[in-house]
Each structure stands twice: as C-alpha cells, then as structure tokens.
Amino acid sequence: MRAEWVLGSIQQIILGVDNDWRLSYLNPLAERVLGSSHQLLDLPLLSAIPLRTSSGGALSLSTLKELADNGEVTAISLAVADDKDTSRSLAVQHVHDESGAHMGYSVFVMAPELSPPVAVESHLDHLTDLMGRREFERRVDNLVDDAATSSRTHALLYIDIDQFKLINDTSGHGAGDNLIKMVAERLNNELFTGDMLCRLGGDEFGVLLSNVDTFEARSTATRLVKAVKRMNFIWSGISHRVSISIGVVQIDQHTLERQTVMSQADVAMYSAKENGRGRVHVYDTQDKKLSRLHNEMDWVHRINQALSNDDFVLVRERICVLHDTEGKAPSAFYEILVRMRYMGELLRPGQFMPAAERFGLMPQIDRWVIKAFFEFLQSNPHLKDENVLFSLNISGQSLCQDSFLEFVYRQLRRSYVNPNTICFEITETVAVTNFEPMTRFISRVHELGGRFALDDFGTGMSSFGYLQELPVDFVKIDGLFVHDMDKNPVHEAMVRSINDISHVLGKKTIAEFVEREAVVERLKDVGVDFSQGYLYGRPEPLSEVLVDRHSAE
C-alpha cells in the first residue's frame, strides 16, 4: 500500500517494460496522460506511446537500450492532449530480480527541468561495476590530446563477446548477464595497474593502455583472448564455449579525434570476427579489406539513422497474369519493395542491403516494412475486401527470430487486415538453410489465411528435392533463366522443368526479370502463370493501388 502511495504521488510518467520492450506497468500519472493499463499493457512500447526525438523523428529500441547502458538522459517529444509543450526528458534503467536476472527496463518521462527519481548519472556500469562509456570516452579524449602534444603512444582495445546473442537468446537474459560479469572479471584479472577496462554497452568492452606501442598492445590483446578461451561457462547444466574478438588501434600524434579512434577500433574488431572470431586484429590504414569494411560500417550508421528518422520508402512492382484457367487469379498482384532516402536520393536495396545483412540489421528493416505496409492497409480499408494480393519479402535473419515471427502473427490478426491479401516471400537459399523454422512459419501463416512464395528458385543445388517438402503457394523462377530464355534453349528447358514440376505439386509459378515481349510469348507457351519485370514498368511509390485486372495479354 505504501509503495502504491509513493508511486501515485510521483509527478513523472513511469513505465515498466519487459525484455521484449512490451509494456508491463504504468504508474497512475502515466494512466491519466496516456490511457488505461487495460488498453496498453502487453503492447510494444514504441507503438503504444507517442515518444519521438526532440526533432520529431522516431525513437529506436537501440537508442533506448543505449540510454539504459550508459545511464544517460535525452530530450524527447511526447504529444498528449491539452498540452502545447511537448518537450520532455527521457531516462531508461535496467531492472533485475533478486537473483540478478534481467527482468526488463524502467522508463521515466519527465519535464526537462526534473531528474529521474534515482541517480542515472553514475559513471559505473550497474552490472559489472566497471566504468561506463561516458567515462571511457572522456579518457580517450585525454589520451588523444596527450599523444598530440608529446611523443607518447597509447592504444585502444575494442572487445566483443563472440556469439553472445546466441547464448542470450537460447539460455535467457540471466545467462547473458552472468556471462558479461564473468568475462569482465576475467579481463580485469589479466590487466595491469594503470590499464583501464570499461563496459561500453551490451557485450562490448573497451581497454585503454597508456604508454605502449603496437607490439605491446597486440600482446596484451592476445593475452586477453587466451584468458577468456580458458573460461568454463556453465548455465543450467549446459557448457558454453566462450571467446572474444578484439580490435586494436594505436593512438599517436596523427590521431585527430576520439570518434576516429572508436570507429577504427570497431572496424578492426569486426575484421577479427570475419577472420574466424576469438582473435586479434590491429587496425592498419593501408589495409584495403579494412577500408572496405569501414565503408560498410558507415552504411550501418546510415541505415540506423534511416530507421530512426523513418527514411525508408515502400514501392510496388506489378506482377501480371499470364494464365488463369481456374479464374482464381487476383485482380491486382504486387510485390512490395523498400527503398532508402539518402542525400536527396532513393537508394535501391543493392546499395544498402549488403551492409544490413552483414551486420544483422535485416530484422529491423523487415519490421519497418511490415509495420509501414500494414499502416498503409489501415488507411485503405477498402482493400480488405478486394481480390488483391501483396507480396512482402522476409530475410533469413528475421526468420530465425521467434519474436519477429510473433510480431508478424500479431499484425496478421489485426481487424483491418485480411490475411488472404498477404503473401510472404522467402528466397530458396534461406528456406533450405532454415528449413524447420520456415515450415513452422508457413504453417502458422496458412492457418490465418496468408500465402507464401519461394523466391529465386532454381539456383540451389537441391531445389527439386526440397520443393515437394515446402508447402509454398507460389514458386518464383529465378530471372537468371528467364531473361534470355527466348535465345537460350538450356534456360528455356530449366523454366519449363520448374514450371511443370511446380504445377504437379499444386503450386503456381511466377517468372522474374521479364523485360521483353519475346520472353512473355515464350512464357505463355511454357504455361507459366504470372510474370514480373521492367517490361510492365518500374517500381512505383505505394501511394495508391488501382484494383484492376493486370494482364500481360
């Protein structure tokens, strides 16, 4: 009773969220301002509460996690009724139970002049009692300044626990937290007086070494890698092998600023992971591979900015009917594609997707696409009852996340969505390498009335063997065989073979990369059901959908 009285008297919005960032608690002020707990509980925080950045952009979960890890306060905007001043301050803190297991987060929304009810300015990391990112960055600035005005050289070691997400996802956040603490303790025991170890957030650590050259820095990093490899981490009776990857950067008179050092160390660390994990990589400005990796990581920053600022755009590409003997083809059929706004241009997927795939950002992009498309459906309720079909792509990274699949199921169950108008596309390679989660996902979507397409079919080594095992509705024939099938008899034979076997298995076929009328005529002779390509026009913005029968005839 006393706790409820205290919480009721606090003039700040206090929210509780679980590890998946779904609302689990609202204090009385939060209910008065935002709505009742009954309406909001179990909803995703960022979709339920109108939190925006101070400039009006979208907040991301990665930003909220960083606030919690670093103990920082940020300016935001919160639009609520009868309140002209939308400016607020936001703080996020980790929540653990008595055993130390991570339970979720507390979110504090307050007037700019107020502070959170507990100290969030501490320089110590709550989990490891090490210094946090803010103090680490301050010390890096000091070393950069020292190197610029003296002949001394220093080093920064950027450390990441290998396969941490796998342990965290399979054994739980409690296991992940305990692993972080054990690694921190092991690293600390291997360092000498004067060396500084900090937790930078998540499973990342930083080490600063003063008055060392590159050889000494590499030796220290190698010693840390070997020490962690000797660890024996057991959780719930399961033994896990643990390793770390370390990127090393020297700080000398040529080092201009902290941001450059941190970025170089990050690139070197990812290079260590690429080379097999559990090893050290020293940054070298002459290394062409590091230069390429650096460029890709710049794209990671741009992609994260685009996610935060809503700078992605949906476009649609027509899929046209070639054969419909049963009269069941949709009146309009589109594939939904994504573009990214950057420097006044709309970038094609080939310009940003490789970096997104390499650095694990595809689930965030897939979520954005699905959320944005379903918002489009909500604003066009007439489509719910039309004979239309929209196809959306899902990456292999998303397919392996149970939380993502649950997100899709929740979206399909919304009242304004007719699952019969939705088709999901998975590439053949993704389907084969993720066979079990793929078949479970297809089964769940089919139960709701949705459909599935197998994309880029024909390029895999075991295509036909898997085709009869995958309960997909459409097979998209890879454009490699389609684009010149009127001139290449081998490719025509491949298209014919894929089409015939698909029809025997009760699946419709879609030919990709159709750009010439001669190819269309050959596809009709073969008996392919649908065709798609630039012959029918370039992808167009998803601003309106014309519900008519698009036919190639």
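Helix α21 is followed by Gly 527, whose phi is positive, near 105°, in a predicted model where local features need pLDDT of at least 70, side-chain atom pairs count only at pLDDT 80 or more, and totals for chains, interfaces and linings use all residues. Residues are numbered from 1 along each chain as its sequence is written, and side-chain values use heavy atoms, with hydrogens and water left out.

Within α21 (residues 517–526), the buried residues are Val 519, Val 520, Leu 523 and Val 526, buried denoting under 20% relative accessible area, exposed over 50% and partly exposed in between (1.4 Å probe, protein chains only). Viewed down the axis of α21, these buried residues fall within an arc of 120°, so they line one face of the helix; the arc is that of the directions from the helix axis to the C-beta atoms. Their cover includes α19 (479–482), α20 (489–504), β21 (508–511) and β22 (530–532), helices (H or I, at least four residues) and strands (E, at least two) being DSSP runs numbered from the N terminus.

Phe 464, located in helix α18 (residues 463–467), counts as partly exposed because its relative accessibility is 33%. Together with Ile 501 and Leu 505, Phe 464 makes a nonpolar surface patch of about 210 Å².

For the protein chain as a whole, the secondary structure comes to 21 helices and 23 strands, and 52% of the 553 residues count as buried. Among contacts (heavy atoms within 4.5 Å) between residues at least 6 apart in sequence, 65% join residues at least 24 apart.

Technical notes:
Patches are made of residues with over 30% relative accessible area and no salt bridge: like charges are joined within 9 Å, nonpolar side chains (Val, Leu, Ile, Met, Phe, Trp, Tyr) within 5 Å. Accessible areas come from the Shrake-Rupley method with a 1.4 Å probe; for residues, only the protein chains shown count as cover. A salt bridge is a side-chain nitrogen of Lys or Arg within 4 Å of a carboxyl oxygen of Asp or Glu.
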